[in-house]
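Dear colleague,

I am passing on the structure that follows, together with an account of what was found in it. Please read the notes below with the structure open beside them.

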Amino acid sequence: MDQFDYVIVGGGSGGATLAARLAEDRSLRICLLEAGGQGDNILIRTPAAVVALVPGQIGVANWAFQTTPQPGLNGRRGFQPRGKALGGSSAINAMLYVRGQRSDYDDWADLGWSWADCLPYFRKSEYNENGADDLHGDSGPLHVSNQKSPRPISRDFVAAGVECGHPETRDFNRGDNHGVGLYQVTQFHDKARNGERCSASAAFLRKRPNLHIITRAKATRILMDATRATGVEYSKDGASHQITALREVILSAGAFQTPQLLMLSGIGPAAELRRHGISVVHDSPNVGQNLSDHLDFTLSYKTPDPDNFGIGLRPALTLIKQMLQWRRNGTGMIATPFAEGAGFIKTDPALARPDIQLHFCIAVVDRHGKRLHYGHGVSLHACVLRPYSRGEVFLNSPDPMAAPGIDPRYLSDPRDLKTLIAGSKQAQAIMQAPAMAPYRLREMFGTGGAKSDADWADHIRARADTIYHPVGTCRMGRDDQSVVDTQLRVRGVQGLRVVDASIFPNLIGGNTNAPTIMIAERAADMIKGGL
C-alpha cells in the first residue's frame, strides 16, 4: 500500500480533479494526500456559511495565512485564507464560476494553452444548468448553476450598472465577459443536493478501488533519487511516513505551498536553500517568484433594506426561517454566494478588454468578515484584473510545518494604484445610480468624502486586501526562466509535475477556480497520453 503509480499532493481544485481523472484508468494506482479533512461537513456544504469559513477564526478548513508587512498598504499584513480540506479553496470560496477572458488564454497561445486549446476542458468538467452548447457542457461532474434566490438589490445593482453605461451580460463565460450581471455558481442543481456547494471534491472524487485518499496528511518532503522524484514523505498523527511514486509525483498544493514544498525538497533558488541548510537538488531561481494576486478595495454601505444579511435580532430571526427554507428545497438566502452581482468594466472605453472586476455582496464585508457591523448593509468590491505588481513566496523556516513566507508586494507598481483608483470611482458611481436610490445607501468608512485621487489612494492603502486569487509561483513557459514546461513538468527534475494555479504565467482576468480545474483536466489527458 506504500507504492502507487502517481502520488498527488493536495486535494484541492487541481488535485481532486486530477486524481479522479487519472483513476478512470483502472490499470493505474493513485494516491491523493490532503493535509486537511474530508471537506464534507455541513459548514462547507452550506453556501452562506462561507461567512464563517473565510475569516479563519473557527479553525475549520482554512490555513489562514498572512503576508509580510506590505509597504503599499501602509505596512499592514494581508490576510490569505486558503482551503485546508478535500476540495481546497473550492471548499471555502464564494463558488463563482468564472473562466476569464478569451484573450487571457490567447496570451498563452505560444505555450499551446490558447482559448481554443483550453475550451474543450472547460466544457468537459461542466454540468451547466442551462444546458450544452458550443461553449458549455452538460455532462461533466462540476455542477454550474444559476443563483437560486438572488436578492432584489443584486438585480438593481445590475440595472444601476446599465444606467452607468455598462452593457448587461447574462453569461460571463463565453469568451468576452465585459458587462454587468449575476454570477453563475458551483452549486448542485440536482434534486438530492439542490443548493449545496459543489466543491471540486464533491464534484469529482468518488470511491474507486484504484484511488487511495489519505486525509490529514501533511507532505513534508519530496523523496529524490539524485534528480528524480521517487515519492513523498508526509506527517500524519504525529508520525512520519513515506510513500513511493513509481511514475510521477504531482504537486497540487497551490500557489503558496507548492513552491514551499519544492524548496523544502531542494528545488529552488540555491542561495535561499543554502541559507536554510537545505541541500540543493536543482537550482531553480524562479521557484516562488512571479506571485500575482487580485488586490481588492471594498466600498461598504449601510441600508435600512432588510432583504439581505445583517446583524441583530430581526436578521437572526430571518436567518432561522431562511435556513429552514434551504434545508427544505435548496433555495433562499442560505443558498447565496454573497457575491451575487458581477461586473467586468473598463476604466477607459478604448481598452480592448475589462481591467476591473466587481463583486457586489449582500452584506457588509469588513476585514474578510472578521469585523461585524450592526444592522444591514451591502458591499461592492473592485479589483485590478491584470496587475503589474509581482511578489514572491519564500521559506520562513526549513520546518515543513511552518507557514510559507508570502510577499505579494501589492501596489509596488504604481500603475496598479492608478487603475484601482479609477475602478473604485466607477464602482461608487454605480452605487449612486438611480436604480440604487430606493435602498437609501449610506457610505461607510469615509469614502463618500473622497474628492481627489490622493484621497482615494489613502483609502485604498488603508483598507485594500486580497480577493483570494494568488497564482504564478511555479510559472509555466518554454524558456529556462520558467519553473515548469508546457506539459507542467518541473524543469531539471524527472518524475515531478505541478498541476495547480501556481503554473499560471500571469493572472487571468477573473476568478481562478474554474481555470485551475481546466488545467487539471488537461493535465490528466497529457499524463494518460504519455506526455
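To begin with a charge and a ring, the charged end of arginine 415 sits over the ring of tyrosine 388, 3.5 Å from its centre, where sitting over a ring means that NZ of Lys or CZ of Arg is within 6 Å of the ring centre and within 35 degrees of the ring normal. The charged end of arginine 193 likewise sits over a ring, that of phenylalanine 188, at 3.8 Å from its centre.

Please bear in mind that this is a predicted model, in which local features need pLDDT of at least 70 and side-chain atom pairs count only at pLDDT 80 or more, while totals for chains, interfaces and linings use all residues. Residues are numbered from 1 along each chain as its sequence is written, and side-chain values use heavy atoms, with hydrogens and water left out.

As to the whole, the protein chain has 13 helices and 24 strands, these being DSSP runs numbered from the N terminus (helices H or I, at least four residues; strands E, at least two). A compact globule of 531 residues would have a radius of gyration near 24 Å, and the 22 Å of the protein chain agrees with this; the radius is taken over C-alpha atoms, and the globule rule is 2.2 Å times the number of residues to the power 0.38. The C-alpha trace spans about 65 × 50 × 45 Å along its principal axes. Of the 531 residues, 62% count as buried, which means under 20% relative accessible area, with exposed over 50% and partly exposed in between (1.4 Å probe, protein chains only).

Aromatic pairs come next, and the whole structure holds 12 of them; rings of Phe, Tyr and Trp (its six-membered ring) pair if their centres lie within 6.5 Å, and planes under 30 degrees apart count as stacked, over 60 as edge-to-face and the rest as tilted. One of the pairs, tyrosine 105 with tryptophan 108, is edge-to-face, at 5.4 Å centre to centre and 75 degrees between the planes. Tyrosine 105 is buried at 0% relative accessibility, and tryptophan 108 is buried at 1%. The pair of tryptophan 115 and phenylalanine 122 is tilted, because the ring centres are 6.3 Å apart and the planes stand at 35 degrees; both of these residues are buried. Ring pairs link Tyr105, Trp108, Trp115, Phe122 and Phe504 into a cluster.

There is also an open sheet of three strands, in the order E14-E20-E21 and with antiparallel pairing, where two strands pair if DSSP finds at least two bridges between them. Strand E14 (289–291) and strand E21 (405–407) stand at the edges with a single partner strand each, so one side of each is left without a neighbour in the sheet. E14 and strand E20 (residues 391–394) pair over two bridges, and leucine 291 stands opposite glycine 391 in E20.

Isoleucine 44, in helix H2 (residues 42–45), has a relative accessible area of 2% and, leaving aside neighbours within four places in sequence, is in contact (heavy atoms within 4.5 Å) with residues including Leu53, Ala61 and Arg197. Glutamate 248, in strand E11 (residues 239–251), is buried with a relative accessible area of 12%, and its contacts beyond four places in sequence include Asp5, Tyr6 and Arg497.
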